[in-house]
Amino acid sequence: MKKILVIDDNEAVCTALLTLFQLQGYQVLLAQSPELALQLLARQTVDLILQDMNFAQGEMSGEQGKNLFYQLRSAYPATPLVLMTAWTQLDMVVELVKAGATDYIAKPWDDQRLLTTVANVLKLSELSQQQQQAQRRQQERLASFDGKDLAGLVFASTAMEQLLQMALQLAPSNAAVLITGENGAGKEGIAQVLHANSDRRLQPLIKVNMGALPADLMEAELFGAEVGAYSGASKTRIGRFEAADGGSLFLDEIGNLSLSGQMKLLRVLQTGEFERLGSSQTRKVDVRIISATNSDLTQAIATGQFRQDLYYRINVVQLHLPALRQRLDDIIPLARHFLAGTKTLTAEAEQALRQYSWPGNVRELQNLCQRALLLTPGEAIDVADLGLPQDSGSKKSLDDLDKTEIELALSAAEGIVSRAAKALGISRQALYRRMEFYGITPP
């Protein structure tokens, strides 16, 4: 319930405003003098101050109200303040508005206009507070990453902040890390952060797409091959493990590796030793293993498609990267990053981007932005320029939302219900009703 302080020496005015605001669901505090108002504000906070300009019988200059205004503005600069009087000259009103008064209401007032003004002022104040909170969180977020190499990652969500904090905590160790998440979510970026903030950062980070390795070439790709080891091997070939010696090896899509490939990989992970194809000389390397997969490896183990002993080797610590649809606050910053400041997004385009489900995650968003840059003739990109599927901008109905989706939206919106509702495409009141139904409180 929003709290309004009315400062007016006229008891009839106070009673009328008390009744008017209470009928609209506001909590109202009354003070009939500047001294009482200051005493009251010293004990509790309010959301809006509605202040008269004259407080003595026959006083019409507005000087009393002017002095009180500057006291209040100095002591409570963030609290919106609306002036109300029948006597003050226009030049004084202009002066006080320039000095920070939010609005001005003339007596006698129109009830509907006054209520509209109060509602608008409170809404703007709430949005301003949310923006300030977001800016403070962003400043704190940036400060917490001061001196760290984030490998160019762009983010604004709490989920990504927490993931990166964990990655930075793990970076100095040699522990094997398994990064899980959907295709295109940005798992390679997390691997780069792990390497860039480790003691191995001056050594190479070698990347291998395990699912793209042909079974007959897997051993040569990973461990190298001597001249004549296979048809066409006209010179010695260094494998990825040797190339990564002293650094890190990123094994992407490891869940797609064949069982025979898994067996060969397991040995080198256990001992650090291997032989080039066509050679009997044992070689040893010092490599930090970072793996990634979009597969459920525990399910693959249960069905015999992935070795359990290999799983334990690559999964000393697991980092899960949420899908882009679960990181709503990252969508617009990423889109602006991909647009590189050359074009802007309209408010409607931003809303459409937030409402889309992003099955292709960050990679799909990047491709979409690149296409929009090429095909949009003007400086502003609108919904039609995005080329999203027809149903992507449709509003969700209340029945479409389950408890998990609402909790994810609230988490991504950092507990701000209005932002979560906007991202879900429903009204704030509708979201509150569904939260009450599921017994959800904002985080």
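This is a predicted model: local features need pLDDT of at least 70, side-chain atom pairs count only at pLDDT 80 or more; totals for chains, interfaces and linings use all residues.

Let's begin with the second largest pocket, whose volume is about 530 Å³. Its lining is made by 24 residues, and the closest to the centre are Ala185, Gly186, Lys187, Gly189 and Val362. By class, the lining of this second largest pocket has ten nonpolar, eight polar and six charged residues. Helix α7 (187–196), β8 (248–252), α13 and α15 (361–375) each give at least two residues to that lining. The largest share, four residues, comes from α7.

Helix α6 (residues 158–170) packs with α7 at an angle of about 40°, and their axes are 8 Å apart. The crossing of the two is right-handed. On the α6 side, the contact is made by Met160, Leu163, Leu164, Ala167, Leu168 and Leu170, while α7 brings Ile190, Val193 and Leu194. What classes do the residues of the contact of α6 with α7 divide into? There are nine nonpolar residues, no polar ones and no charged ones.

Now move on to the largest pocket, with a volume of about 810 Å³. Among its 25 lining residues, Ala134, Asp329, Arg336, Arg354 and Arg419 are the closest to its centre. The elements that supply two or more residues to this lining are α5 (111–144), α13 (328–339), α14 (347–355) and α18 (417–424). Here α5 gives the largest share, nine residues. Sorted by class, the lining of the largest pocket has ten nonpolar, five polar and ten charged residues.

Our last stop is another pair of helices. Helix α17 (residues 403–412) and helix α19 (residues 428–438) pack at an angle of about 120°, with axes 11 Å apart. That angle makes α17 oblique to α19. Their crossing is left-handed. From α17, Lys403, Ile406 and Leu410 take part in the contact, and from α19 come Leu431, Arg434, Met435 and Tyr438. By class, this contact of α17 with α19 has five nonpolar, no polar and two charged residues.

Terms used: Residues are numbered from 1 along each chain as its sequence is written. Side-chain values use heavy atoms; hydrogens and water are left out. Axes are lines fitted to C-alpha atoms, for helices over the stretch in contact, and angles run from 0 to 180 degrees between N-to-C directions. Angles under 35 degrees count as roughly parallel, over 145 as roughly antiparallel, 65 to 115 as roughly perpendicular and the rest as oblique. A crossing is left-handed if the near helix is turned anticlockwise from the far one by less than a right angle, and right-handed if clockwise. Contact means heavy atoms within 4.5 Å. Ala, Val, Leu, Ile, Met, Phe, Trp, Tyr, Cys and Pro count as nonpolar, Asp, Glu, Lys and Arg as charged, and the others, Gly among them, as polar. On a 1 Å grid over the protein atoms alone, a cavity is a set of points where a 1.4 Å probe fits but cannot get out, and a pocket is an open set with protein on both sides within 12 Å along at least five of seven lines; lining residues have an atom within 4 Å of a point. Grid points are joined across faces, edges and corners, and a volume is the space filled by probe spheres set on the points.
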